[in-house]
Amino acid sequence: MKPVNGIKIVFKFLCILTFLPSWSTSLNSDGLSLLALKAAITTDPMQALISWRDSDSTPCNWDGITCDRTHHRVTSISLSNKGLTGYIPSELGALSSLTSLSLSFNNFSKTIPPHLFNATSLSFLELSHNSLSGPLPHQLTSLKNLIHLDLSSNQLNGSLPDALSNLTHLSGTLNLSCNSFSGEIPTSFGQFPVILSLDLRHNNLSGKIPQVGSLLNQGPTAFTGNPYLCGFPLETLCTTQPEAENPRVLTNPQKPEFSSDGPSERQKTSSVSVTASLISGVSVVIGVVFVSVWVLRKRWKLEEAKAGRTDKVENEVAASEERQKGKFVVLDEGFALELEDLLRASAYVVGKSRSGIVYKVVAGSGGRSFAVGGPTVVAVRRLSDGDATWKFKEFEAEVETIGRIQHPNVVRLRAYYYASDEKLLISDFICNGSLHNALHGGPANMLPPLTWAARLKIAQGAARGLMYIHECSPRKYIHGNIKTSKILLDDDLQPYLSGFGLNRLVSSSSKPANAAFRRQNSNQIIMSPKGSSSSATMYIAPEARIAVSKFTQKCDVYSFGIVLLEILTGRLPDFGVDNEGKGLESHVRKVFREERPLSEVIDPALLHEVHAKKQVVAAFHMALNCTELDPEIRPRMRMVSESLDRIKLQ
């Protein structure tokens, strides 16, 4: 026995000598975890892993691998669309610095290993378009930093984990489409932020879509393809419900359909989801409201109308084709999206007003985009027809008037679509919600209380935008619907006036068929908004609340004064109506007339900024000047803007 044991010892020693050089240059722990992935892959037709050698000290120079420069730890694995066949090994969970894992468009099979989610630094997980099966591991909820999750186009099954709502940073994409998930949609999914691109299409989900939170703001494209799913915003009714909760389904094949279905079922789904996740800085959408949406089932086949100019007959034929087939017109040369891009994009309901429904439309990065290398996000407003009947040439003239307004503080109109029964306006999407939500809160508001510096910046920018509208043309343009919900904010809290010209397009009082009306107002664009609430009414100048009255630029000045008071007080325009019947303007004017403390009217959030007292008082005086009952006494917007610009932060 002793000779045998001696032979074993010698053999082990020789093995150590043999492998000692290899150990001295062996891979770090991250490299060994990646070699486990290489070993789990049986087919590598593009030789994507040929550079993965165990003789290297780190994997940082391997194809598809990114490391941090300081510690040489793996932060990203990108092996999408490589034709790889195999399974995902548990060892990837040992990559403690891994923030991005992309294995989409391959043929990985088996289940998703629960230990993968030990890599808790993951913020981007892309496993779409594979052959993964089984339920979602509950360990997935340990990825507290996760922003983007795309597991679409696999063979996953089971129920949707209610605990997914615990992923509080999930604000880019949650795409679980084209799988075999069953059961009901958890009510907790309504806790996801409105900006999340949610896609649950083509599963076996059943029951009623929960009418809570952000789920109310999803368009039908988030839920289609689930035959046993019902309720808003789908056309399938769960029970007999009021018409307002179940809008009439429009099935006219001439109308555009916003859908994330594209030329290739697999590629289109991924394009939309990846596109939405790459949007940086998007924080909130235009506003959370309960709205109705349209559901379109047939694709519109676009053929451009021939604009023949040879004779009157050809012109009439072209006009007829425009009315029947529709016309898509780009107003900005830098806008690279085409109608086909919008048709295949994802659409999410973000607001509704008298002028129509507003959609956030995310066009995939796979197509052309004026935002090179990323997605294009636009706002598409589907106009309400009202009782106005527009001919194309008249509609074209009105919309191109709106398009001529190009100012850093006015929302830019990029394109429009006209058909006899469908009219769309495509404009920039302003990502941080409205001033109304920033001041008063709301489901979509994620901003802290606005500082005085932020409020002054917003007031100054909005005043410049309105001044530009007023002075842009000798026709004396009028906005006609100035209020805090029409002032949108971007990531830097820059304000943008929205809604210019909309009342003209949808108001019954501006019906172009009324020739007498056109003659009477040939030198002005007149708006006649009619607020449905007391708060909305308070924005309207007293002289304009009479039905036969005409809107003027001084009406805009009054509305802006109310907005300025709202910014300064943090109160709605109808504050005090129950007691005095006159609203915020009357209350503030009384406080100043009686020389009462400023603390009675200023927003409590500004009280600690005592250094700004003189600036705040100056802004109050300007607001009161704007809201004088006599329109002749009110200043013009140029004076308002210049006066606000003279208020400097100390």
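**Close-up views of disulfides, cysteines and helix contacts**

**View 1. The disulfide of Cys 230 and Cys 238.** Cys 230 and Cys 238 form a disulfide, with their sulfur atoms 1.9 Å apart; a disulfide is taken as a pair of cysteine sulfur atoms within 2.5 Å. This is a predicted model, in which local features need pLDDT of at least 70 and side-chain atom pairs count only at pLDDT 80 or more, while totals for chains, interfaces and linings use all residues. Residues are numbered from 1 along each chain as its sequence is written, and side-chain values use heavy atoms, with hydrogens and water left out. The torsion about the S-S bond of Cys 230 and Cys 238 is about 105°, so the link is right-handed. Cys 230 counts as buried at 12% relative accessibility, whereas Cys 238, at 27%, counts as partly exposed. Buried means under 20% relative accessible area, exposed over 50%, and partly exposed in between (1.4 Å probe, protein chains only).

**View 2. The disulfide of Cys 60 and Cys 67.** The S to S distance between Cys 60 and Cys 67 is 2.3 Å. Their link is left-handed, with -100° about the S-S bond. Both Cys 60 and Cys 67 are buried.

**View 3. Cys 472 and Cys 555.** Cys 472 is partly exposed, with a relative accessible area of 28%. Cys 555 counts as buried, at 1% relative accessibility.

**View 4. Helix 8 against helix 12.** The axes of helix 8 (residues 452-471) and helix 12 (residues 553-569) come within 11 Å and cross at roughly 175°. Helix 8 and helix 12 are therefore roughly antiparallel to each other. Residues of helix 8 in the contact include Trp 452, Arg 455 and His 470, and those of helix 12 include Gln 553, Asp 556 and Phe 560. By class, this contact has 9 nonpolar, 2 polar and 2 charged residues. Helices (H or I, at least four residues) are DSSP runs, numbered from the N terminus. Axes are lines fitted to C-alpha atoms, for helices over the stretch in contact, with angles from 0 to 180 degrees between N-to-C directions; over 145 degrees counts as roughly antiparallel. Ala, Val, Leu, Ile, Met, Phe, Trp, Tyr, Cys and Pro count as nonpolar, Asp, Glu, Lys and Arg as charged, and the others, Gly among them, as polar.

**View 5. Ser 641 in helix 16.** Ser 641 lies in helix 16 (residues 637-645) and counts as buried at 2% relative accessibility. Leaving aside neighbours within four places in sequence, Ser 641 is in contact (heavy atoms within 4.5 Å) with Ala 463, Arg 464 and Met 467.

Conventions
Helix = DSSP H or I, 4+ residues; strand = E, 2+ residues; numbered from the N terminus. Parallel < 35°, antiparallel > 145°, perpendicular 65-115°, else oblique.
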